[in-house]
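I set out to record, entry by entry, what I looked up in this structure. The entries follow the order in which I consulted the model.

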Amino acid sequence: MKRSFHPPSRLLVLSALAISVAIAAVDLLSAQNTPPPAAPAPSPRSFVIRSVRIFDGEKLLPATDVSIENGLIAAIGKNLKAPTGTKEINGASDTLLPGLIDSHTHAWAQALDQSLIFGVTTELDMFSDPKFDANIRQREAAGQNLGGADLRSSGTLVTVAKGHGTEYGIAIPTLASAADAQSFVDARVAEGSDYIKIIYDDGSAYGIKLPTLTKEELAAVVAAAHERKKLAVVHIGSQAGARDAIESGADGLAHIFEDEPPAPDFAAFVKQHHAFVIATLCVNESITGKASGESLLSDPRLAPYLDASSAGNLKKAFPHGPANKTNFANALAAVRALRAANVPLLAGTDAPNPGTAHGVSIHRELDLLVQAGLTPTEALRSATSIPASTFGLTDRGRIAPGLRADLVLVKGDPTKDILATREIVSVWKTGAEADRASARAQVEKEKQEAQASAATPAPAGSESGLISDFETDVTTSKFGSGWAVSTDTVAGGKSTAELKWMNPGANGSKGAMQISGTISDAFAYAWAGAMFSPGSHPFESSNLSSKKAIRFWIRGDGRPYRLMFFTKSGGYNPAIQSLTVSTEWKEITVPFSAFQTDGHDITAILFCAGGSPGAFTFAIDDVRLE
Ligand SMILES: [Zn+2]
């Protein structure tokens, strides 16, 4: 049966995570195999900013001086004395803010670097690999993470088998019953989770059906988190889910709902229970089918710092099916009501979900919070002092003597015009200045390289589009450097794969390529499969922009499979599509646009297994571009 590309079936708030985990895999690779990067040249982590307006995390102070000594805020006051030779910055037309805190992200190392460039000095991650988190924690403690935002993380989230969070091809433990709640939470605490993130979402808001925790299990997990003095933060999709979570004792919600308008008593109910809400309005908007971040691309204050993959992500929205009940006006109304009831609101982007990108999206989130009815000052609190006090980060989130010099200097006054947060002059993390100029130059260089590579000719032999029909063997291809095994062993994993010729092939042909192996649980983001390199050597960039899609036959053993595109502009950050594969051969076409590329700089195409450990076997045939 001919089947055209079908978008990933799950319409959920974490769908871009697969991309981030693949990047995390590469991060781990570099973290393990290369010496840690040398600390930046000892920049003077002592300086004075003169005559600057200060938003101290709570309120605006009249223009005064701030001195920073060895990465800490030392003093605030008029005409501060400083030792001769101390760097002085004139802040007369500027406002100094505490470094911004994004209270809902899914992180990896380059993402943290990118966040810092846009003024986010701390990310509160809501689901990532505990090994990655541990690595960042270690680097942060050793002073090796000055170029990236600091991280707190829930690590692995709490969900049920086949529930939200399990769809990314990452092997994660799942909760079987309320009786397991304490041991499950204890395992997360042992892995280093700073707080416990719980999924309570049956998919009904998006018109799909998903298994999720029972209310009894939810309450048991919350109690187990509290037993270990950890905050319990709950991902919900609906107002009913939000009520259940709060009734179960949750400390906070990781999203606001938008499946219906807030009930008249909802905000008071949240307030009574002393819960906080991380309003992720960017993804709320993207879930309704509108790419929330698109307007950021045309903002000259932000665009020069946006790399191709961030820019591509900002243009995306979630697919919006007919049974989807979400309406962005409901999210705005709920936030407005929560604000009126004095419920603590925290700004979160849920980057890198569709319509968002790390760092830059906090500026969109602040804007949306103001659109929901917060004053600019209240919006700024939601990204500084409120998350700091909510998550017990007593050393940041404010500008006061003794606190970390996590700071953002912006032109103008964002307490009057929230968009002024985008006009960044400088960002400091513990007094070390982020290298925004280099980040900008790197983006510019990538743009020029992309233009150059778009002008190069297509690889010889690629005219017909056929890559391999596997009629006689599995290694050769009509162009490029052929097929090779690719596994997570390069990132410290233990998965295996082998490529074998099999016959017959699909659609009455003589042969096909069988890819079989074992996914090991040694690496959280395990993968194993077959990689095609279109250039004359592996990972050489090829201009395939005369083609628009990849078409192939595939059959498998019922496990999930994935197709990944690597591009030069995306680096080792592949764009990923899940493949629904059955035991019967079927033909699938996936447009390049699904991988956010026009095909001008493709470096590799990978068909692979991942996810839960165990043996796998699948086969592909007649792989072609068209
Ligand atoms: Zn999330």
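**Entry 1: Glu-433**

I began with Glu-433, whose side chain is joined to that of Ser-426 by a polar contact of 2.9 Å. I take a polar contact as a pair of N or O atoms within 3.5 Å, where within protein one must be able to donate a hydrogen and the other to accept it, and residues adjacent in sequence count only if both atoms are side-chain atoms. I note that this is a predicted model, in which local features need pLDDT of at least 70 and side-chain atom pairs count only at pLDDT 80 or more, while totals for chains, interfaces and linings use all residues. Residues are numbered from 1 along each chain as its sequence is written, and side-chain values use heavy atoms, with hydrogens and water left out.

I found Glu-433 in strand E17 (residues 432-433); helices (H or I, at least four residues) and strands (E, at least two) are DSSP runs, numbered from the N terminus. Not counting residues up to four places away in sequence, Glu-433 touches Lys-87, Ser-426, Val-427 and Trp-428, contact meaning heavy atoms within 4.5 Å. Glu-433 counts as partly exposed at 38% relative accessibility; buried means under 20% relative accessible area, exposed over 50%, and partly exposed in between (1.4 Å probe, protein chains only). I also looked up Gly-119, which is 314 residues from Glu-433 in sequence and 11 Å from it in space, C-alpha to C-alpha.

**Entry 2: salt bridges**

Arg-50 and Glu-88 form one of 2.8 Å, N to O. Arg-50 belongs to strand E2 (residues 47-55) and Glu-88 to strand E5 (residues 87-90), so this pair ties together parts 38 residues apart in sequence. Arg-50 is buried at 18%, whereas Glu-88 is partly exposed at 45%.

I next examined Glu-140 and Arg-404, whose closest N and O atoms are 3.7 Å apart in a salt bridge. Glu-140 is in helix H3 (residues 130-141) and Arg-404 in the loop between helix H13 (385-390) and strand E15 (407-411), 264 residues apart. Glu-140 is buried at 18%, and Arg-404 counts as buried at 11%.

I then turned to Arg-364 and Glu-285, which meet in a salt bridge of 2.9 Å, N to O. Arg-364 lies in helix H11 and Glu-285 in helix H8 (residues 281-287), so parts 79 residues apart in sequence are tied together. Both residues are buried.

**Entry 3: an open sheet**

Which order do the five strands of the open sheet take? I read it as E10-E11-E12-E13-E14, with parallel pairing; two strands pair if DSSP finds at least two bridges between them. Strands E10 (196-200) and E14 (345-347) stand at the edges with a single partner strand each, so one side of each has no neighbour in the sheet. Three bridges join E13 (residues 276-279) to E14, and Ala-279 stands opposite Ala-347 in E14.

**Entry 4: nonpolar core**

I noted 63 residues in the largest nonpolar core, with Ile-198, Val-221 and Leu-281 among those touching the most other members. Such a core is a set of buried Ala, Val, Leu, Ile, Met, Phe, Trp, Tyr and Cys residues joined through side-chain atoms within 4.5 Å. Helix H10 (residues 328-340) supplies its largest share, six residues.

Terms used. A salt bridge is a side-chain nitrogen of Lys or Arg within 4 Å of a carboxyl oxygen of Asp or Glu.
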